[in-house]
Amino acid sequence: MSHRWIALPRPGWRWLPVWRRNFLVWRKLAIPSILGNLADPLIYMLGLGYGLGRLLPAVQGVDYVRFLAAGTIVASTMNSATFEALYSAFSRMHVQKTWDAILNTPLSLDHVLTGELVWAASKSLLAGVAILLVVGALGLAAAPLALWIVPVIFLTGLAFAALGLIVCALAPSYDFFMYYFTLFITPMLLISGVFFPTDQLPGVVQTIAAWLPLAHAVQLARPLLLGQVPENIAGHLAVLLLVAGVGFCFASGLTRRRLLK
Amino acid sequence: MASLNAAAADTATFGGAALQVSGLRKSYTGQTVVDGVDFTVPAATCFGLLGPNGAGKTTTLRCCLGLTPADAGTIRLAGHVLPEQAEVARTRVGVVPQLDNLDPDFSSRENLLVYGRYFGISDAVLRARIPDLLDFAGLSGKEGANIQSLSGGMKRRLTLARALINDPDIVFLDEPTTGLDPQARHLIWDRLKRLIAHGKTLILTTHFMDEAERLCDRLAILDHGRLIAEGAPRELIARHIEPQVVEIFGDAATTWARRRQGLGERLETAGDTAFFYCRDAAPLLGALAGTLTLRYVHRAASLEDVFLKLTGRDLRD
């Protein structure tokens, strides 16, 4: 029997009970979870934005805190989706064997993974929107265009959830995730234009950054937050969609190899 | 592998068998784990799959649930061809896994509710079913209990209740009483007997021969990936082993026994115990009556004797 490596998720809503399972667990711990998602990025944004911002002239024509706000929203989205798809999904797959239990029902592995993907993106949507609301309350967002950030946040969440699920499928233990953070997430955070414009970087690094999903999320979110229509919308969306789609297919193939051998 | 059309035709004539396995083979990186296994489980019977560790039981079960693709062979579960129709087949199946994988974040009730949703059953139907299932599992009053607060036996019973949430025709149980105390084991056995009485098909693996003898209508013994014996428990005992066993213990037991090998059909030793397998134990018992130092037990042959004869006394870990 051939081993299916690439399998596109089948259409339908059968993955929804997997999403609902995670939602039910989250609901029990909603308040601390939301506070946890908000506190850390806001402290950084306000601390750096107002503290460091006072030392800086306008960055790309705006106050530094306004510049940083968009970066903070997408970076928090990325972090939230990544943590969920690494640590939480790994717990359910490897430690609690929740996925094994689900696989004994009529649901397939792709249903489980789709549920996990959409769940991680949903959780990151909440994290991103929570910061967007605070940013709006501080008068740092230009409505109504800034509301278009909401779908950008969700798509960013899908892309990083898919990448996270690949790492989850490969991980022998929790320690493995450190490599992903140190070698991928943290460097990407620094060169994607979250904290400073990418034109500050050497040419080679800029070329690399042009391929990173976070950079594309930033380039969509920042103009929107400032009330401008982003350039090359289709290109940025295509990259994020491609990362989400191709990432999910790899995650599916790798997880199948791990669990259904 | 049979075509989908053949499978559809088979569903219509399915009637008798809950599970049919033929020519099942599976190997991992060159190592053969299941080596041509055939068996059939008629509906509304209890079938036991026995075998030492590493015999291929778990791989066989995984193939039978469509979770592991077989290298060769055909499997029909509830009339559906696996693995192509595994998802449909699993709507009619419940599974009690070897390791408890209840959701630690949920109460007993929530565990059943969330699990039932995976089958696409509506919340209203599930809410109506859950009290009966908890009652069946002897967990009434534990609806809201945290999973961590339940004892091992309670968790096992909740896992059994969870496996019944879709009112399955076939229930797979992988070592259902391993790690439980005698009281908890007896309670599980009682519930399993009730399921059999209600016409469910049970397919279980176990290391406890008394469990297999008590529950199973038919048994298969698996070793090194092959079925080495199959039949009803009594039938296997009658076919493979002498009816009477005399176990002799003590320092000098094995030496004493070897000198009197002719008193039984067969003699086996393990440590300082000698096992005589006899058709007629009277001469041996007579000889033992003359000794004052040897302790002994005279009993009827059991399934465990068959198992040890067929799979040997060597450790398999």
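These questions and answers cover the interface of chain B and chain A, then a sheet in chain B, in a predicted model.

Visitor: What makes Glu110(B) and Lys28(A) a salt bridge?

Guide: The rule asks for a Lys or Arg side-chain nitrogen within 4 Å of an Asp or Glu carboxyl oxygen. In Glu110(B) and Lys28(A), the closest N and O atoms are 2.7 Å apart. The pair therefore meets the cut-off of 4 Å. Across the interface of chain B and chain A, the rule finds 5 salt bridges.

Visitor: Which elements of chain B each supply at least two residues of the side that touches chain A?

Guide: They are β1 (17-28), α3 (86-90) and α4 (108-117) of chain B. The largest share, 4 residues, comes from α4(B). By type, that side of chain B divides into 14 nonpolar, 3 polar and 11 charged residues.

Visitor: How do you know that chain B and chain A are in contact?

Guide: Contact needs heavy atoms within 4.5 Å. By that test, 28 residues of chain B are in contact with 26 residues of chain A. There are also 11 residue pairs in polar contact between the chains, both residues at pLDDT 80 or more.

Visitor: Why give an area for the interface?

Guide: The size of an interface is often given as the accessible area lost when the parts come together. Between chain B and chain A, the buried area is about 2,500 Å². Carbon and sulfur atoms give 56% of that area. In chain B, Glu87(B), Arg117(B) and Tyr118(B) lose the most area to chain A, together 28% of what that side buries.

Visitor: What makes β11 and β13 of chain B paired strands?

Guide: Pairing takes at least two bridges. Strands β11 (residues 244-249) and β13 (residues 273-278) of chain B have 6 bridges, in the antiparallel sense. They therefore count as a pair. One bridge joins Val246(B) to Phe276(B) in β13(B).

Visitor: Why are β12 and β14 of chain B said to stand at the edges?

Guide: The open sheet has 4 strands, in the order β12-β13-β11-β14 (chain B), with antiparallel pairing. Strands β12 (266-270) and β14 (295-300) each have a single partner strand, so one side of each has no neighbour in the sheet. Helix α11 (residues 282-289) of chain B packs on the sheet and touches β11, β13 and β14 of chain B.

Visitor: What makes Arg266(B) and Glu268(B) a polar contact?

Guide: The cut-off is 3.5 Å between N or O atoms. The side chains of Arg266(B) and Glu268(B) are joined at 2.8 Å. That distance therefore falls within the cut-off. Arg266(B) lies in strand β12 of chain B.

How values were computed:
Residues are numbered from 1 along each chain as its sequence is written. Chains are lettered from A and ligands numbered from 1 in the order in which they are written. This is a predicted model: local features need pLDDT of at least 70, side-chain atom pairs count only at pLDDT 80 or more; totals for chains, interfaces and linings use all residues. Side-chain values use heavy atoms; hydrogens and water are left out. Buried area is the accessible area (1.4 Å probe) that two parts lose on being put together, summed over both. A polar contact is a pair of N or O atoms within 3.5 Å; within protein, one must be able to donate a hydrogen and the other to accept it, and residues adjacent in sequence count only if both atoms are side-chain atoms. Ala, Val, Leu, Ile, Met, Phe, Trp, Tyr, Cys and Pro count as nonpolar, Asp, Glu, Lys and Arg as charged, and the others, Gly among them, as polar. Axes are lines fitted to C-alpha atoms, for helices over the stretch in contact, and angles run from 0 to 180 degrees between N-to-C directions.
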